[in-house]
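Subject: Model handover and what turned up in it

Hi there,

Here is the structure I promised to pass on to you. Could you load it first and then read my notes alongside?

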Amino acid sequence: MTQPSTSLPPHVAIIGGGPAGLMAAEVLSLAGIKVDLYDGMPSVGRKFLLAGVGGMNITHSEAYPAFLSRYAERAPQIAPLLRSFGADALCQWIHDLGIETFVGSSGRVFPTDMKAAPLLRAWLKRLRDAGVVIHTRHRWLGWDDNSDLRIDSPEGEKTIQPDATLLALGGGSWSRLGSDGAWMLPLEQRGVGLAPLQPSNCGFEVQAWSELMVSKFAGSPLKNIAIGLNDDVPRLGECVITATGIEGSLIYALSAPIREAINHHGVATIHLDLLPGKPVDKVQAALSKPRGSRSMAKHLHSQLGLDGVKAALLRELTPAECFTDPALLAKAIKALPLTLVKTRPLDEAISSAGGVMFESIDERLMLKQLPGVFCAGEMLDWEAPTGGYLLTACFASGRAAGLGMVEWLKHRH
């Protein structure tokens, strides 16, 4: 007589309690797999919670082709993840947690209360109810000589031998929240192909502002401007002058090409349109009107409404002789060159580029060098602007890795 099977369900370890790790935990637990999730911080989802402080922007409502284009050269690798779990599926998943959403005027999607905490609370309850065990203050240290996972816990170092492992440790920015990039070294030692971590969605530095710019205008918002890089169509938006350079949403949207230009040429020159609503001929006509005894500052203010930080930037970046030539000054107002020399430090960036190269993983997001070890989230070498694109790909890659692990475990024997 055949004996009944007494084999235990597979056991997996997930390292990292951000959106990617938690989403994989959900997929695996629903498949009847025992899940232990380890996070080095005192609680999970810390970067997720902080990202939601100003309003939790969960995804974006724009049409799929435009949405996918936000991942630039990595769009082909992100496409299958989004086809399986894109913006609509993510919104439905949030609704299933009992959290309603709305689409803002910019097309961004938010929970109705704009907060991340209720969503995370509901999600963690669902995971715990499904049997997921979460271990906080447990930091992954790499592998020992037997290829077991080394974990630093409050009780000291221990080793675990899961049937499969997911690494979802985040990128290299915001180290105080747990994303410190320390995972690069153990992966490099195992021969995994990695791209260096670099700042993304970050600010940039100029060579040096004048003392006046720093003392009077650091922290000043630049509203209703457009910024162009190379021959691309200038983008409308706003940003902020800082003591060392410039940052803010419009700069973040262009951070990848600006950073790559600096990497290749040592500097990047962006062009600021201080009056995007006025064509250059109208600007020149306004400047050509007689100003009599009025100062140039008053002339710029009365004719064009240019004052404050915009007028200061114009003075800072335009040769004195331009102020005597309306045509040259109009050209400067419409395309003011600002040379950026480097990114702000990685730890200040909203996100990071670089990490585990897609060439190092298979279609299930499993490392080719390390069978049974999967990667998801910001650890992978992709980047996207803010606006919901980062989170959507983190959720989607976590789900894909979870499904990949289920499939691999099923066919392993």
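Thanks for taking this on. Before the details, a word on conventions. This is a predicted model, in which local features need pLDDT of at least 70, side-chain atom pairs count only at pLDDT 80 or more, and totals for chains, interfaces and linings use all residues. Residues are numbered from 1 along each chain as its sequence is written, and side-chain values use heavy atoms, with hydrogens and water left out.

**Strand pairing**

Strands here are DSSP runs of E with at least two residues, numbered from the N terminus. Two of them count as paired if DSSP finds at least two bridges between them.

Strand β5 (residues 108-111) has antiparallel pairing with β3 (residues 59-60), over two bridges. Within that pairing, T59 has V109 of β5 as its bridge partner. β5 also pairs with β4 (residues 101-103), again in the antiparallel sense, this time over three bridges. There, T101 is bridged to P111. A hairpin is formed by β4 and β5, with four residues between them, and G107 in the turn shows a positive phi of about 95°.

As background, most residues other than glycine have a negative phi. For burial I use relative accessible area with a 1.4 Å probe and protein chains only: buried is under 20%, exposed is over 50%, and partly exposed is in between. N201 counts as buried, at 2% relative accessibility.

N224 also has a positive phi, near 50°, without being a glycine. N224 sits in strand β13 (residues 221-229). Is N224 buried or exposed? N224 is exposed, because its relative accessible area is 52%.

**Cysteines**

How many disulfides does a search of the whole structure find? The search finds zero, where a disulfide means a pair of cysteine sulfur atoms within 2.5 Å. For C91, the nearest cysteine sulfur is that of C394, 16 Å away. C91 is buried, with a relative accessible area of 13%. For C394, the nearest cysteine sulfur belongs to C375, at 13 Å. C394 is buried too, with a relative accessible area of 11%.

Happy browsing, and do write back with any questions.

Best wishes
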